[in-house]
Amino acid sequence: MNPILLPLIIPLVGAILIGLARKTPNIREAMSLSTATLLFLSVLPLFKQTQLGETPSLTLLEMMPGLSITFTVEPLGAIFAVLASFLWIITTIY
């Protein structure tokens with residue numbers, strides 16, 4: 001599995017689970033904290049890869065040669081992803 005795919009899927013699945021648990025606050029908060037923690041843990045390997053000089057990428061769709069939908073992780077984007085996912089944990093606890 002491509003390492004970029006997991007950080008894209010985790011928030012979507014988490015949002016669905018949080019929405020399903022809207023009537024039970026304890027489960028909802030546990031799902032939110034779990035989603036935030038899993039996202040942070042899934043972003044860390046991407047950050048490490050970019051620090052080693054690698055450029056992970058994921059091509060979702062190639063419509064024709066030279067025209068595709070591709071996600072590429074650059075070092076500044078990896079720093080932002082780690083920071084944002086860590087702050088999500090902090091704000092959930094707050």
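This is a predicted model: local features need pLDDT of at least 70, side-chain atom pairs count only at pLDDT 80 or more; totals for chains, interfaces and linings use all residues.

1. Residues are numbered from 1 along each chain as its sequence is written, and side-chain values use heavy atoms, with hydrogens and water left out.

2. The lining of the largest pocket draws at least two residues from each of α1 (5-20), α2 (25-51), β2 (67-72) and α3 (75-93). Helix α3 gives the largest share, five residues. Helices (H or I, at least four residues) and strands (E, at least two) are DSSP runs numbered from the N terminus. By class the lining has eleven nonpolar, three polar and one charged residues; Ala, Val, Leu, Ile, Met, Phe, Trp, Tyr, Cys and Pro count as nonpolar, Asp, Glu, Lys and Arg as charged, and the others, Gly among them, as polar.

3. Overall, the protein has three helices and two strands, in the order α-α-β-β-α from the N terminus. Its C-alpha atoms fill a box of roughly 50 × 30 × 20 Å along the principal axes. Of the contacts (heavy atoms within 4.5 Å) with a separation of 6 or more, 62% are between residues 24 or more positions apart. Buried residues make up 23% of the 94 residues.

4. How many aromatic pairs does a search of the whole structure find? The search finds one. Phe 40 and Phe 86 form a tilted pair, 5.7 Å centre to centre with 55° between the planes. The pair links distant parts of the chain, with Phe 40 in helix α2 and Phe 86 in helix α3, 46 residues apart. Rings of Phe, Tyr and Trp (its six-membered ring) pair if their centres lie within 6.5 Å; planes under 30 degrees apart are stacked, over 60 edge-to-face, and the rest tilted. Phe 40 counts as buried because its relative accessibility is 18%, whereas Phe 86, at 39%, counts as partly exposed. The cut-offs are under 20% relative accessible area for buried, over 50% for exposed and in between for partly exposed (1.4 Å probe, protein chains only).

5. Ala 36 lies in helix α2 and counts as buried at 0% relative accessibility. Beyond residues up to four places away in sequence, Ala 36 touches Ser 85, Trp 88, Ile 89 and Thr 92.

6. Thr 50 is also placed in helix α2, and at 6% relative accessibility counts as buried. Not counting residues up to four places away, Thr 50 touches Pro 56, Val 73, Glu 74, Pro 75 and Ala 78.

7. Ala 21 sits in the loop between α1 and α2, yet counts as buried at 9% relative accessibility. Leaving aside neighbours within four places in sequence, Ala 21 is in contact with Ile 27 and Arg 28.
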